[in-house]
Amino acid sequence: MSDRRRLTLTRRRALGLTAGLGLGSLAPSFAFGASPSVRPSYPKGQRPRLLNVLTEDSLSPAERTLATTLQGLMARRGGESLYLNIPSLGYQFWLDDLVSRYGVRTRTGDLWKTVSRSGVDGYVLFRTGTPSVNVATTLAGLTDAVAIEESLEATAVQAGLRKVLDVRDKDDRWVFDNYWPRLRHDVAVEQRGDWPERLRDYVTMAGTLAFFDGNSGFRAEVVDALDDDATVIGWGDASNGEDAFIGVNSTAGVKALPADHARNLSVLSGIRQDRLTQRGRPYDPALAAATSAGEPAQGNDLSGGGGGRALEPDPDAHYVTFLITDGDNIQWMLGDFPTDKRWFGSPRRGEVDLGWGISPSLIDLAPSVMRWYYDQSRTDRWVVGPSGGGYMYPSRYPAAALEKHTASLAQSMGRADLSVAQIIDFDAFENTSLWSSYLKRPEIDGLIYLEYSRYDGLKGKVVWSEGKPVISARTMLWDGLDGADEASVTAELNAATRNPHSTAGYSVVVWHAWSKSVDNVLAVVDGLASHVKVVPPDTLVKMAGRYARP
């Protein structure tokens, strides 16, 4: 198996437990309840006040589809809604946070009583095992009706619901041919029909198309019909590699948000945060002595602005940052990322300043979740996951779409206190005109470039655009790849150049989320020589931009 093939098949895994609002003539042209001061990048629900909490595994698959389409409709109005909880994952954290920080009330949910209170009086009939589940999910948003699987029809009628449509013999093509002008063109949802609940609340709330057709010509037609820099939320058919559909998206000027296992986005998007601030240390701990409280000394200012003295780095040091892969993955952030001891749930997190990736879309899709992560990150720092506002290959993006993308990205990064973005692309590193579209934005200090295969193929090379650095990964931790084990990475870093006034004096180490853990990173850190100093990724980018600029 080639490295390219290996990377293609292992960058993601299925996390089985583990996003304007326009409806044509049916609704306004942007988001429900948009903040008057900030225009959101994604459709948002209204703020929840009372949540009927249902444990997901207490519901049958048919009931889950009913519950989530009902949830989407209720999220349009705010006030009372539903929440599907998985107590062993992050969804319990997000629910507790909604209660404690935002004053949301909860009660044990009863699905059919909630249907009765909701005011919804219609249903769209579908059949399990057919494409009609996506058809019903889509049309529920257009008809203000819930999706009912045929096994529940008698119960729905008894509850007072009336049949609006029977789509049991319909598919995604039929919806596209007959309803596309009434659906959003800046967001679509790519979701398999055999997952009854995931993302369906968001489809219904936002009035988007839900579709799945592998890597077919019809899929390409849907993507091509979307607006410049539109978003496909979900995940495609990666059986032949994710580039099979991310490449098609990119050529059409469309990005992807991996979220096909996400729940409760209609509710979580109802919270509004115009701005958030990271709490981790945005400085190089090696530049100055800390106070007794462990906080940076006054004036530790890498920019030279803000009234502080720009301090010099250690001239005999090599600076390194450790950055996890797959930070664009929303479903992971919502699911087991905060609980699993391999990742953010590690009891050893905080022993060293780590870098984590995050999607800037969360400032609109789940701002309370983003705020929770920031509050938990007293030493860690966050940067934008690939390749900015969503996963795409910038070199294949049409120029106008890329300009639109980076303008929107910069706004979201400013709101979310993010200054560095990761890029994944094919043989595009030297194309500095691409990076100008990103780096001319004042909110963006630099880029971290990952060659599609291998991520560390450029061995730490740096190019410059708009006076800012694009830094390639020097090495990586990745199980089964040559030179990517702990001993090899440790040796490479200890032997690296000691000179912070040269780009060779800086290293980005990416660690593979699905085969490595915080413990593996700390095994490397424990073996580093004293002259190798670990800093957060945004600090490293700022330092290289200030001290190593040619």
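**Close-up 1. The surroundings of R200.** Leaving aside residues up to four places away in sequence, R200 touches T65, T68, V133, N134, T137, Q191, R192, G193 and W195, where contact means heavy atoms within 4.5 Å. This is a predicted model, in which local features need pLDDT of at least 70 and side-chain atom pairs count only at pLDDT 80 or more, while totals for chains, interfaces and linings use all residues. Residues are numbered from 1 along each chain as its sequence is written, and side-chain values use heavy atoms, with hydrogens and water left out. To find R200, look in helix α8 (residues 200-206); helices (H or I, at least four residues) and strands (E, at least two) are DSSP runs, numbered from the N terminus. Is R200 buried or exposed? With a relative accessible area of 1%, R200 is buried; buried means under 20% relative accessible area, exposed over 50%, and partly exposed in between (1.4 Å probe, protein chains only). R200 also lies 9.5 Å from L66, C-alpha to C-alpha, although 134 residues separate the two in sequence.

**Close-up 2. The buried face of helix α7.** In α7 (residues 172-179), you will find D172, V175, F176 and Y179 buried. Viewed down the axis of α7, the buried residues fall within an arc of 105 degrees, so they line one face of the helix; the arc is that of the directions from the helix axis to the C-beta atoms. Among the elements covering these buried residues are α5 (132-143), β6 (162-166), β8 (210-211) and α9 (217-225).

**Close-up 3. How α5 packs on α7.** Here N134, V135, T138, L139 and L142 of α5 meet D172, W174, V175 and Y179 of α7. The axes of α5 and α7 are 9 Å apart, and the packing angle is about 30 degrees. Axes are lines fitted to C-alpha atoms, for helices over the stretch in contact, and angles run from 0 to 180 degrees between N-to-C directions. The crossing of α5 past α7 is left-handed, meaning that the near helix is turned anticlockwise from the far one by less than a right angle; clockwise would be right-handed.

**Close-up 4. W435 and the nonpolar cores.** W435 belongs to the largest nonpolar core, which has 91 residues; F322, L334, F337, W382, W435 and Y438 have the most contacts inside it. A nonpolar core is a set of buried Ala, Val, Leu, Ile, Met, Phe, Trp, Tyr and Cys residues joined through side-chain atoms within 4.5 Å. Beyond residues up to four places away in sequence, W435 touches P394, I423, D425, A428, F429, L447, Y449, V463, S465 and V470.

**Close-up 5. Backbone details in the loops.** Most residues other than glycine have a negative phi, and most peptide bonds are trans. The peptide bond from P386 to S387 is cis, with omega near -15 degrees; S387 sits in the loop between β13 (381-384) and α15 (399-415). Another cis bond joins S453 and R454, with omega about -10 degrees. D427 is not a glycine, yet its phi is positive, about 50 degrees. D427 is exposed, with a relative accessible area of 67%.
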